[in-house]
Amino acid sequence: MRNFIIPSHDEAELIAEGIYKDLERRIKASPPDVDSVSMASVFLKNCIAQTCGKCVPCRVGLGKLDALIEQLLEGSADGSIVELIRSTADMIKSTADCAIGFGAADMVYRGVLAYHDDYMALAMRKPRKRERIAVPCIARCPAHVMIPGYLALAREGRYEDALRLIRRDNPFPAVCGLICEHPCEKRCRRNMIDDAVNIRGIKRFAYEYAEPTPPPEKAAPTGKKIAVVGGGPSGLTAAYYLALMGHSVTVFERRMKLGGMMRYGIPNYRLPRVLLDQEIGHILSVGIDVRYSSSLGDDFTLGDLTKNFSSVYLSIGAHGSKRLGIEGEGLEGVYSAVELLKGIGDDYYPDYKDKQVVIIGGGNVAMDVTRTARRLGAAKVTCVYRRRRQDMTALPDEIEGALAEGCEILTLYAPIAIDGDDEGRVVGLRARRQMAGEICSDGRPKPVGIEGRETSIPADIVISAIGQDVEDDLLRPGEIRHEGVTVSGGDCVSGPATVILAIAAGKQAAELIDREMGFSHRIAVDVDIPYAAFSDNSACGRSDMTEREAYCRKNDFDEIEYGLEPIEAIQEAGRCLRCDHYGFGAIGGGDRI
């Protein structure tokens, strides 16, 4: 019998693993405006240390490539070296024997293409010309909210001031405190020490503990009349800031309630309607006129608006649903996610008791519908997705929440047909097994069907959640109309996106409209941000928000998430490294460059 040796980690190995984890955290926390050439040099040296050196492209070529980049960084080369770096990297990735050498050269090759101007500026000894926001969290926030400022205010218990500072750039602090995808946390420099600051949680905490705050004082009346078509997050944001700038604003909404996809696309258990109505009430309190049940094309035309208003902002959203394009899509019992969520937004809750429900899709809307079907009494809920679970665009918390509530997620199956009975009702979904193929441009592997591997999933109801379209023929996703005084933005231009992106579009539209009418208003708040006191900022665990137990929450539409307690929020706000005063913020002068 052979002797078995149980390996154990010695102290040196444990230290090395810790160093690798520290390096990984620093890479994740790299600011958006990192020096691309220096970063390429560091990565390349690490790759060289990992190659076996068997083939000439790796053993010799990667060393030569590293030397070329070093010449560029040292300033001992001219502009021709950039093309030499690109062609050398291209040659290595075309001839290397293994993926390790290919990947190293490909990383440099793609970097030269993406940051060509940076490479050329370095070769010509010229400073790089770019506008950047020095603080990573502010840069990652589409609305550029002054995040370190409101964290510092919340830490000192100045919740009203924190709320006022947030609303300078985002009029929906409570909404974003609940459902924002918090891109600001992805590059939080606190990742270098332990984990990102819970920025979304503190935003919600500040709203919950603040006393009602009046909006900022409006500027003097300008005499200009602005029409906003669409009362969703983008339209209401634009209306709010335009009204604060002194313009007279009228919002045209085709439904009887404002909110757009915040009301008709996000379930109450994630975004309570009471809270949404409070936010909308604050926005309307600045003096915005609203005309409900007014539909573009039916009740008025764009020509009518341009005659009667100084400027028009179109933010009609993306409320249409994309078709599956498979057999059986017209059967009774086949619905779109938009159709279901719109009905619930108007307080219509269908009865799915004892039904088998199948949802098609892998995004946040698919997860919303999956969890909603469970709350509507479905006996079994299955979400079918053609890629792997890690390729789903839904937030990990949403996926985990659906699984905890008893929903099934069937990955690597692509729908090919919906089966029905003799009376035209749905009886099941046919799907083909998929395998992960080559990596696409979005970084996810392309799903490839496996012939002969089909399955039939029993279903009484099939819901499509594969995307949304603009319903109105006036605008199509990706098209930007800017004819005279007409500006369009939000989902009708970008296609379906997040609430914070729609808010950012509305804010930018307000600035553009104001400027094109000859003004230069700026929204200001008289809030003094606490000075950043020095501290050693030793490692400290992140405080996360918790949820109601799955067995309880899956049976109702009440809010599922608990906010932070004061002791948690104060500690969490104290974890902020105050990059507006230190690091790149110190160089850039704090808030913005």
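1. The lining of the second largest cavity divides into 10 nonpolar residues, 2 polar residues and 1 charged residue. The space inside this second largest cavity amounts to about 80 Å³. Its lining is made up of 13 residues, and those closest to the centre are C141, C180, C184, K203 and I500. The model is a predicted one.

2. In total, the structure contains 4 cavities of 30 Å³ or more. The largest cavity holds about 110 Å³ of space. Around the largest cavity stand 17 lining residues, with C137, C188, R189, C576 and C579 nearest its centre. By class, this lining comprises 12 nonpolar and 5 charged residues, with no polar ones. Helix 7 (136-140) and helix 8 (147-155) each contribute at least two residues to it; helix 8 gives the most, with 3 residues.

3. Of its 28 lining residues, H182, R200, L395, P396 and D397 are the closest to the centre. The lining of the second largest pocket has 14 charged, 9 nonpolar and 5 polar residues. At least two lining residues come from each of helix 10 (173-179), helix 11 (199-209), helix 18 (396-404) and strand 16 (546-547). Helix 18 supplies the most, namely 6 residues.

4. Strand 13 (residues 461-464) pairs with two other strands. With strand 6 (residues 334-336) it runs parallel, joined by 3 bridges, and V334 has V462 as its bridge partner. With strand 7 (residues 356-360) the pairing is also parallel, over 4 bridges, and here I359 stands opposite I463.

5. Which way do the side chains of strand 13 point? I461 and I463 point one way, whereas V462 and S464 point the other way. In a regular strand, side chains alternate between the two faces of the sheet. In strand 13, all four of these residues are buried.

6. Is H247 buried or exposed? H247 is buried, because its relative accessible area is 2% and the cut-off for buried is under 20%. This residue lies in the loop between helix 12 (233-244) and strand 2 (248-252). The side chain of H247 makes a polar contact of 2.7 Å with the side chain of T222. Beyond its neighbours within four places in sequence, H247 is in contact with T222, K224, I226, L242, D514, M517, F519 and H521.

Methods:
Residues numbered from 1 in each chain as written. Predicted model: local features only at pLDDT ≥ 70, side-chain atom pairs only at ≥ 80, totals over all residues. Heavy atoms only, no water. 1 Å grid on protein atoms, 1.4 Å probe; cavity = no way out; pocket = protein on both sides within 12 Å on 5 of 7 lines; lining within 4 Å. Nonpolar A, V, L, I, M, F, W, Y, C, P; charged D, E, K, R; others polar. Buried < 20%, exposed > 50% of the residue type's maximum accessible area, 1.4 Å probe, protein only. Pairing = 2+ DSSP bridges. Polar contact = N/O pair within 3.5 Å; in protein donor to acceptor, adjacent residues only side chain to side chain. Contact = heavy atoms within 4.5 Å. Points joined across faces, edges and corners; volume = space filled by probe spheres on them.
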